[in-house]
Amino acid sequence: MSLVMSGTSARKKTAPRNSRKKRSTFDTTLGRAVLQLLAVAVFFALWEAGVHAGYISAFLMGSPSGIFATFYKLILSGELLSDSWYTLFEAILGFIIGTIFGSLFGLALWYSVFVAKLVEPFIVAINSVPKIALAPIVVLWFGTGLISKVALAVSLTALVALIAAYQAAKDADVDLQSLMISMGADKHQVFWKAVVPSTLPSIIATFRINIGFGLVGAVVGEFISSQRGLGHMIFLASSLYDLNSVWVGLFTLMILGFVLYYVIDIIERTSLPWKQATTSHQVQV
Amino acid sequence: MPPKQVQLTVQNISKSFAGKGGDVNVLDDLSFTINERDFVSIIGPSGCGKTTIFNIIAGLLEPDGGTITYRGKEIESLRGRVGYMMQKDLLFPWRTVMGNVLLGLETRGVDQKEAEEKAREYLKQFGLAGFENAYPKTLSGGMRQRVALIRTLIMDPDILLLDEPFSALDYQTRLYLEGVLKDAVQTYNKTVILVTHDIDEAVALSKRVVVLSGRPARVKVVHEIDIEATSPITARNDVKFSTYFKTLCAELDIQTETTS
Ligand SMILES: Nc1ncnc2c1ncn2[C@@H]1O[C@H](COP(=O)(O)OP(=O)(O)OP(=O)(O)O)[C@@H](O)[C@H]1O
Ligand SMILES: [Mg+2]
């Protein structure tokens with residue numbers, strides 16, 4: 001997304017000279033936003049019309065008017081906000097713990113090729129287990145409260161971060177490391193000044209995937225057993241055939257994921273300023 | 001002229017790499033000496049082992065046999081004491097120009113303020129003042145090489161190992177940087193070993209040219225270059241220049257005259 005957006009601002013500056021390439025009036029940030037909102041509005045309008053005309057079952061699918069009414073009600077009662085906060089907290093906490101520990105462990109494997117080779121099959125084996133399948137035991141071990149959801153989110157995110165960090169550390173430019181060694185740097189200096197910085201883009205790239213996994217962990221944990229959170233709300237509502245509440249929960253999760261994605265985007269841009277100078281321009285074909 | 005003192009002696013160095021079809025003998029019994037404040041160019045066919053020699057001197061590779069003697073003492077390698085400029089400029093993309101220049105001093109633990117002051121001096125001298133906070137990607141090839149050269153010089157190394165530092169640059173930039181290098185070497189009293197494919201560059205810059213044979217590398221011949229010129233450009237106008245050039249071409253089996 002950042003690519004497209006900074007691409008436009010760059011093109012705007014050179015617009016007069018670049019005019020041989022035709023751009024429609026909608027191809028601006030505002031124009032696209034209008035189109036996107038329009039698409040959403042049309043989608044809901046068709047849905048609502050379908051329900052009224054009797055083509056779509058409000059009982060099985062819910063209806064936009066019902067969803068908005070439920071949304072309004074849940075916001076007023078404060079339930080939606082508190083459930084959202086709870087899920088968000090679990091997801092972010094799991095994401096942070098999982099990413100930090102996974103990345104640190106992955107990076108540390110750079111230090112010893114022997115240890116890395118030793119643990120590699122175990123990592124592959126653990127990674128090949130669908131972590132969601134762990135959910136029932138995680139709840140058994142950590143109870144029905146916050147900790148089990150965080151633990152589930154950690155189990156989903158840590159290995160992704162670990163594998164990405166380890167791979168990036170292995171791929172770090174050998175020549176840069178050699179150069180440092182010729183300067184008399186020791187292994188720690190090579191690690192901190194050459195290896196770690198060159199792994200940062202890959203590690204930060206996993207944030208995007210992992211923030212989603214954090215939400216998955218939190219919600220699945222809540223499905224299994226909990227008294228709070230969006231997962232709990234969705235689970236409860238669907239067992240009562242309250243489809244409108246289910247949709248409210250789903251759309252709220254969507255909004256959370258959406259916002260988190262852009263937060264990561266900002267983190268990425270501010271923490272890797274040296275990448276911006278070059279990668280923000282998508283090649284125009 | 002004071003008598004020449006030997007600074008570095010490389011003796012009977014051998015090195016082979018394990019290849020697909022058995023071991024590849026890259027260096028076999030290679031010996032040469034470098035004098036104090038020498039400027040030696042090493043030329044030889046591609047893949048003959050020039051970079052390998054540098055890697056051994058810099059302590060990045062261990063030789064299979066042979067000795068390195070530095071100022072009368074036998075040593076393992078010159079790790080930490082050489083300024084090694086590799087075939088690529090190898091600037092750290094996440095570091096600014098200033099950050100790149102400071103890399104060596106940081107690893108050495110020099111006081112940050114002192115180091116920055118020194119760096120600013122160098123940057124100014126090399127025409128890079130004002131680019132302290134630029135990232136390498138935004139610089140031209142010639143500027144990048146200058147940054148790499150400063151990064152090498154600022155460490156005040158005993159010997160500069162320059163592995164085809166200018167090979168990726170256009171001719172004008174190369175001529176300019178050759179001048180910059182020659183001046184810097186004079187100002188800071190450095191010993192230089194330069195690997196190059198460019199015979200022209202070798203003659204214009206060095207006091208001596210070592211010609212290597214193909215794999216396994218051996219010293220074929222060493223030419224003293226007796227050109228008293230102040231800059232690499234005037235050196236190219238010297239009467240003796242073309243003679244040296246032709247001799248070295250012949251040495252490398254490059255045909256200089258077309259035979260019909
Ligand atoms: N780490 C390595 N493992 C295996 N073979 C190697 C290794 N490093 C170098 N070689 C081989 O040793 C030979 C000499 O390599 P080297 O890089 O020293 O050549 P060079 O003289 O610097 O060549 P060029 O002028 O093209 O840079 C080459 O044939 C190369 O394939
Ligand atoms: Mg080489």
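Predicted model: local features only at pLDDT ≥ 70, side-chain atom pairs only at ≥ 80, totals over all residues.
Across all chains, a search of the whole structure finds 21 aromatic pairs.

**Aromatic pair between the chains**

- A:W274 and B:W94 form an edge-to-face pair, with 6.0 Å centre to centre and 65° between the planes.
- This pair crosses between chains: A:W274 belongs to helix 13 (residues 273-279) of chain A, while B:W94 lies in the loop between strand 6 (82-85) and helix 2 (97-108) of chain B.
- A:W274 has a relative accessibility of 9% and therefore counts as buried, the limit being under 20%.
- B:W94 also counts as buried, at 14% relative accessibility.

**Aromatic pair within chain B**

- The ring centres of B:F54 and B:Y84 are 5.9 Å apart and the planes stand at 90°, so this pair is edge-to-face.
- The pair links distant parts of the chain, since B:F54 is in helix 1 (residues 50-57) of chain B and B:Y84 is in strand 6 of chain B, 30 residues apart.
- B:F54 is buried at 1% relative accessibility, and B:Y84 is buried with a relative accessible area of 4%.

**Aromatic cluster in chain A**

- One aromatic cluster is formed by A:F43, A:F44, A:W47, A:F68, A:W247 and A:F251.

**Helix 5 of chain B**

- Helix 5 (residues 171-188) of chain B has 18 residues, which at 1.5 Å a residue should span 26 Å; the end C-alpha atoms are 25 Å apart, in agreement with that value.
- The expected span is taken as 1.5 Å times one less than the number of residues.
- The buried residues of this helix are B:T173, B:R174, B:L175, B:L177, B:E178, B:G179, B:V180, B:L181, B:K182, B:A184 and B:V185.
- These buried residues pack against several elements of chain B, including the strands 3 (39-43), 7 (159-163) and 8 (191-195).
- The helices of chain B against which they pack are helix 4 (141-153), helix 6 (199-205) and helix 7 (232-236).
- After helix 5 of chain B comes B:N189, which has a positive phi near 55°.

**Surroundings of ligand 1**

- There are 13 residues around ligand 1, of which B:S46, B:K50, B:T51, B:T52 and B:R215 come nearest.
- In the side chain of B:S46, an N or O atom is 2.6 Å from an oxygen atom of ligand 1.
- The side chain of B:T51 likewise has an N or O atom 2.6 Å from an oxygen atom of ligand 1.
- From B:G47 the contact is made by the backbone, with an N or O atom 2.8 Å from an oxygen atom of ligand 1.

- B:N12 is not a glycine, yet its phi is positive at about 50°.
- B:N12 is located in strand 1 (residues 6-19) of chain B and counts as partly exposed at 39% relative accessibility.
- B:D156, likewise a residue other than glycine, has a positive phi near 55°.
- The loop between helix 4 and strand 7 of chain B holds B:D156, which is partly exposed with a relative accessible area of 47%.

Note on methods: Residues numbered from 1 in each chain as written. Chains lettered and ligands numbered in written order. Heavy atoms only, no water. Phe/Tyr/Trp six-rings, centres within 6.5 Å; stacked < 30°, edge-to-face > 60°. Helix = DSSP H or I, 4+ residues; strand = E, 2+ residues; numbered from the N terminus. Buried < 20%, exposed > 50% of the residue type's maximum accessible area, 1.4 Å probe, protein only. Contact = heavy atoms within 4.5 Å. Near = heavy atom within 4 Å. Polar contact = N/O pair within 3.5 Å; in protein donor to acceptor, adjacent residues only side chain to side chain.
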